[in-house]
Amino acid sequence: MSAVERAAALRAEANTAVPAALIALLRSVKRIWVVPHERPDGDALGAALGLQGILAQRGVEVAVLCSEVPPKVYEVIPTLDRVLLSPPDWTPDAVILVDCGDTRRAGSVGALVQELPSSVQRATIDHHVSNTSASPLEWIDPKAAATCEMVSLIGVALEADLAVDGGALATTLATGVIMDTATFQHNNTTPRTLQVAGLLLAAGAPISEISRRLYRAKPFTQVQLHARVLDRVERADSGKTVWAAMLRSDLAASGATVEESEGIVDTLAQINEADVALFFKEESASETRLSIRTKESGLDATAIAAAFSGGGHARAAGASIPSPLDAAVAAVLQCVASLRAERGEAS
């Protein structure tokens, strides 16, 4: 198949996949808020800023609102400085949640969205299988590897120039695709994912450089933090579950930031003997953050996360647990053991 034929096939896929009602909304709005989930990752930020770049070509005024300052690791996104932490002085025609199930997942910005007049249209674009959105207009595609994959298709359907600004838009979208596939290593990578990645590469996205900065470039403080935490790795369920916890004191001892803990759970998931990897972050004396990774032979990560009002994907999920670290660890390990027992696994 020639490059022209591949492009035509992707246009046909975009026109089929993207709901017509969503395209109609995006063609009609003049002012819009785009909101990613709290604790935004590369896919959430890339999807929000990517949609902004696509709609800006149509003359739409777009505010990307986030409840926290984006982590520095995502400075690979060239438009990251366009994220706002407070709302603009205008009321939008519509609000779109990206990579986010509902306003509760959007942190403080979610509360602002809830306060908007009912006349403001709402929509959701997400790829999480755990999404239970009640949005009147939604596009939920669990088969998409990343929300950025979906937003790229929106760009194709709207005939946007993805190579604009020297490839900045393509780079923004490619960051999310690379992040959520771990540079196309996860089994969520589909032929369509690679088609989209090829399109973004051709539009100027430096795939290898994005991958390097996300996965193979770490400051010394981050390496020190990972070493401290991984030195305390523990096992349960006859070694089939592995877990480690980051204490608040680890940050002070290593001089690292919370965002530099990214990647620890993925290292745990590399342990051959385990099919469930758990990473706990002590966020305060009464709150713990849980990250989950599972292998094909392991439990559904969303089943673990759902027990603690969290969500995500079958192989990667998370939750915030309103309990001290020790209590959270005990509760999650018990949950995993119970789920294993339900599957008839021997202890």
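At what angle do helix 3 (residues 42-56) and helix 6 (residues 164-181) pack? The angle is about 155°, with the axes 8 Å apart; axes are lines fitted to C-alpha atoms, for helices over the stretch in contact, and angles run from 0 to 180 degrees between N-to-C directions. This is a predicted model, in which local features need pLDDT of at least 70 and side-chain atom pairs count only at pLDDT 80 or more, while totals for chains, interfaces and linings use all residues. Residues are numbered from 1 along each chain as its sequence is written, and side-chain values use heavy atoms, leaving out hydrogens and water.

**Helix 3 and its surroundings**

- Helix 3 and helix 6 are therefore roughly antiparallel to each other (an angle over 145 degrees).
- Helices (H or I, at least four residues) and strands (E, at least two) are DSSP runs, numbered from the N terminus.
- Residues of helix 3 including Gly-46, Leu-49 and Gly-53 meet residues of helix 6, among them Leu-173 and Gly-176.
- Gln-52 lies in helix 3 and is buried, with a relative accessible area of 10% (buried means under 20%, with a 1.4 Å probe and protein chains only).
- Beyond its neighbours within four places in sequence, Gln-52 is in contact with Val-62, Val-64 and Arg-82 (contact means heavy atoms within 4.5 Å).

- Six strands form an open sheet of mixed pairing, in the order 7-8-9-10-12-11; two strands pair if DSSP finds at least two bridges between them.
- Strand 7 (234-236) and strand 11 (311-312) each have a single partner strand, so one side of each is left without a neighbour in the sheet.
- Strand 9 (residues 276-284) and strand 10 (residues 287-294) run antiparallel, joined by eight bridges.

Terms used
Parallel < 35°, antiparallel > 145°, perpendicular 65-115°, else oblique. Buried < 20%, exposed > 50% of the residue type's maximum accessible area, 1.4 Å probe, protein only.
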